[in-house]
Amino acid sequence: MDDYHDTTPHPFDAIPEIVVPQEERRNPVAYLLRAAIEAGPIFRRKTPTRQVSRYGPWQVYLVGPEANRFVLHTHRHLFSHRQGWKAFFGGVWNENLLYLDGAEHAAHRKIMAPAFTPACLSSYLDVMHRVIVRRAADWGERDAVEIRAAMRDFTFDVVAEALLGFAPPERVRALHEARNALCRNHNAYGKAAYWRHVAAQRAHLNEMLTAAIATRQQRNPPDLLARMEADRDDPAGVIDDEHFIGHVQVLLEAGHKTTMDTATWVLGLLATHPAEQERARAEVETALAAHNGALTLETLKAMPALGRAIDEAGRLRPPVDTAPRGALEDITFAGYVIPKGTFVRLHLAATHRLPTVFADPTRFDPDRFAPPREEQRRTPYALVTFGGGPRICIGMQFAQVEIKALLAHLLHYFIIEPISGQTPPNVYDPADPDDSLPKGLPLRFVKRR
Ligand code: HEM
C-alpha cells in the first residue's frame with residue numbers, strides 16, 4: 001500500500017516532540033501555542049527528571065477544538081480523570097469528585113448537582129453580596145488595593161460561607177490558613193518529607209473542617225452539605241467518610257483559586273481598558289436602576305456586556321489552563337497512538353489563543369462574543385474555560401454569578417484605576433517573556449458616591 005492510502009495509525013515515537021527552551025519556560029502558553037500551530041493538535045514532551053515519578057517519562061499535549069470535543073465529549077470514556085488530577089494535585093487531597101471516573105463519578109455528581117440550581121444560586125447571591133460589602137468597605141480610603149491577595153480572601157470567604165455554610169469569619173480565616181499551610185510544601189514531591197508534610201497538614205485541616213461542619217447553621221431547604229451528609233448516613237448511600245471530607249476540600253479549593261484568578265484578571269483588564277470599564281459601568285447603572293437598586297439574579301442577567309468582559313478574561317487567562325487525564329487504553333487521535341497509561345494534557349489555554357479559532361486572539365476584545373460575531377459559537381468546543389461535556393465545571397454558574405456581583409458592586413461605587421509604575425499598562429502582554437500571573441496587582445478604587 002502506498003503512503004497516501006495507508007491509514008495505519010502512527011506509533012508513539014512518530015508523535016512530534018517538543019523541547020522547551022530554557023528562556024521560554026516562564027511563558028508556557030506561548031510555546032505550546034507555537035507547537036500547536038507548527039506540529040498540529042498532538043505533540044509530546046519528555047517529562048523533566050524530577051517529575052517522572054509523578055507523570056511518567058512522556059506527556060502528550062492535545063490542543064484545539066477537535067481535541068476538546070474528543071476528550072471532553074465523544075471519547076471521554078477512554079480518559080481517566082483520576083490518573084490525571086491525582087498526579088496533578090500531588091496526592092494532597094482526599095478522594096473527591098475530580099478524582100472519580102465513570103459510573104462512580106456520575107453517582108456522586110448527581111447528589112451535588114441540585115445545590116447549583118438557580119434557586120440555590122439566588123440564596124448564595126445574598127451571602128456573596130454581604131461578603132463583597134464587608135471586604136470592600138474601606139477600599140476607597142486606601143492608596144492601593146493589592147487585588148490578587150484581596151481576591152484570594154474574598155473568593156475563599158464566598159465559597160466557605162455561601163456554598164458550605166461555614167461561619168463565623170474568624171473560623172473561615174483559620175480554615176483558609178490551614179489550607180495554605182497544606183499547599184505550601186517546600187519538600188520535593190515523592191520524598192518521605194513531602195508525604196509527612198501532606199499527612200500532618202491534611203489531618204490538621206480535616207480536623208478543622210469537621211469542627212466547622214458540626215457547628216454550622218442548618219439551612220432550609222437542605223444545602224449541599226446537608227445533601228452529602230444525608231447520603232453519607234444512608235446505608236445505601238455512595239458517599240463514605242473519605243469522599244465526604246474530600247468533596248468539601250475540593251469544593252473549597254476548586255471554588256476559590258479559579259474564581260480568584262479570573263476576578264483578578266478581569267479587574268486588571270478593566271482598569272487598563274477604561275472605555276470597556278465605562279461601558280460596563282453604564283450597563284450596571286441601567287440594570288440597577290431598572291431593578292430598584294437590588295442586586296438579584298435578574299439584575300445580573302441584564303448585564304450582558306459585563307458577562308462578555310468576564311468571558312474574555314477567562315478566554316485569555318483560563319485559570320484551569322490544562323485538563324489532565326490518563327489514557328485508559330491505547331487511544332488513536334489524529335492518526336497517532338497514545339499508549340495506555342500515558343499522562344495527557346488537554347491544553348485549554350493554548351486553544352483559546354489559536355488564530356484559526358479566535359480573531360486577533362491576543363487582544364482583549366469582549367465584543368468577539370456579541371452578535372453577530374459570536375466567535376465562541378462558530379466553532380464548537382473553542383471556548384472551554386469551564387471544560388465541557390457532562391463533566392463541565394459544576395460551579396460554573398456559581399463562579400459567574402460571584403464575579404459579576406463583585407464587579408457590579410465595585411463598578412457602581414468606584415472608578416477602578418491602574419497605579420502608575422506599579423500596575424502594568426496592559427496586564428495582559430503575550431509578548432512578555434514572563435507571562436505568568438503577576439504576584440501582585442495593585443489597583444486604586446476612587447469613590448464615585
Ligand atoms: C472562574 C471559575 C472557575 C473555572 C474557570 C473553573 C474551571 C473548571 C474546569 C475547566 C473544570 C473541568 C476540569 C476537567 O475537565 O478536568 C472544572 C471542574 C470542576 N469545578 Fe470548576 N471552575 C471554576 C469555578 C468553580 C467553582 C466556584 C466551584 C465550586 C463551587 C468549582 C468546582 C469544580 C468541581 C467540583 C469540578 C469537577 C467536576 C466534575 O468532575 O464533575 N469550580 N472547573
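The legends below describe close-up views of a predicted model, beginning with the whole chain and moving to local features.

**Figure 1. The predicted protein as a whole, with its 17 helices and 10 strands.** The model contains 17 helices together with 10 strands. Its radius of gyration is 22 Å, close to the 22 Å that the globule rule gives for 449 residues, so the protein is as compact as a globular protein of that length. Along the principal axes, the C-alpha trace spans about 75 × 55 × 40 Å, and 40% of the 449 residues count as buried. Of the contacts between residues at least 6 apart in sequence, 73% join residues that are at least 24 apart.

**Figure 2. The shell of 26 residues around the ligand.** Among the 26 residues around the ligand, those that come nearest are G255, T258, G387, C393 and G395. Three helices, α7 (147-163), α11 (241-272) and α17 (396-413), each supply at least two residues of this shell, and the largest share, 7 residues, comes from α11. Sorted by class, the shell has 15 nonpolar residues, 9 polar residues and 2 charged residues.

Figure 3. Three strands form an open sheet in the order β4-β10-β9, with antiparallel pairing. Its edge strands are β4 (145-146) and β9 (414-418), each of which pairs on one side only. Between β9 and β10 (residues 442-447) the antiparallel pairing extends over 5 bridges, and F414 stands opposite K447 in β10. Helix α11 lies across β9 and β10, running at about 85° to β9; α11 is also the helix that gives the ligand shell its largest share of residues.

Figure 4. Strand β5 (residues 322-327) is mostly covered, since 6 of its 6 residues are buried. Strand β3 (residues 79-80) pairs with β5 in the antiparallel sense over 2 bridges, and the bridge partner of F79 in β5 is A327. Strand β8 is also joined to β5, by 5 bridges and in an antiparallel arrangement, with A323 standing opposite L346 in β8.

**Figure 5. Strand β2 between its pairings with β1 and β8.** Strands β1 (residues 42-46) and β2 (residues 58-62) pair in the antiparallel sense over 5 bridges, and I42 stands opposite L62 in β2. The pairing of β2 with β8 (residues 343-347) is parallel and is made by 4 bridges; here the bridge partner of Q59 is F343 in β8. Helix α2 (residues 52-55) contains S53, which is partly exposed, with 13 other C-beta atoms within 10 Å. S53 and P21 are 32 residues apart in sequence, and their C-alpha atoms are 23 Å apart in space.

Figure 6. Most residues other than glycine have a negative phi, and most peptide bonds are trans. The peptide bond from A167 to P168 is cis, with omega near -10°, and P168 has its place in the loop between α7 and α8 (169-183). The peptide bond from P371 to P372 is likewise cis, with omega near 0°, and P372 is located in the loop between α15 (348-351) and α16 (375-378).

Figure 7. N292 has a phi near 55°, a positive value in a residue other than glycine, and is found in the loop between α12 (274-290) and α13 (297-301). With 8 C-beta neighbours inside 10 Å, N292 counts as exposed, because a residue with 12 or fewer such neighbours is placed in that class. For D360, phi is near 45°, again a positive value in a residue other than glycine, and the residue lies in the loop between α15 and α16. D360 is exposed too, with 8 other C-beta atoms within 10 Å.

Conventions:
Residues are numbered from 1 along each chain as its sequence is written. This is a predicted model: local features need pLDDT of at least 70, side-chain atom pairs count only at pLDDT 80 or more; totals for chains, interfaces and linings use all residues. The radius of gyration is taken over C-alpha atoms; the globule rule is 2.2 Å times the number of residues to the power 0.38. A residue is buried if 20 or more other C-beta atoms lie within 10 Å of its own, exposed if 12 or fewer, and partly exposed in between; C-beta atoms are placed from the backbone. Two residues are in contact if their C-beta atoms, placed from the backbone, lie within 7 Å. A residue is near a molecule or strand if its C-beta atom, placed from the backbone, lies within 6 Å of it. Ala, Val, Leu, Ile, Met, Phe, Trp, Tyr, Cys and Pro count as nonpolar, Asp, Glu, Lys and Arg as charged, and the others, Gly among them, as polar. Two strands pair if DSSP finds at least two bridges between them. Axes are lines fitted to C-alpha atoms, for helices over the stretch in contact, and angles run from 0 to 180 degrees between N-to-C directions.
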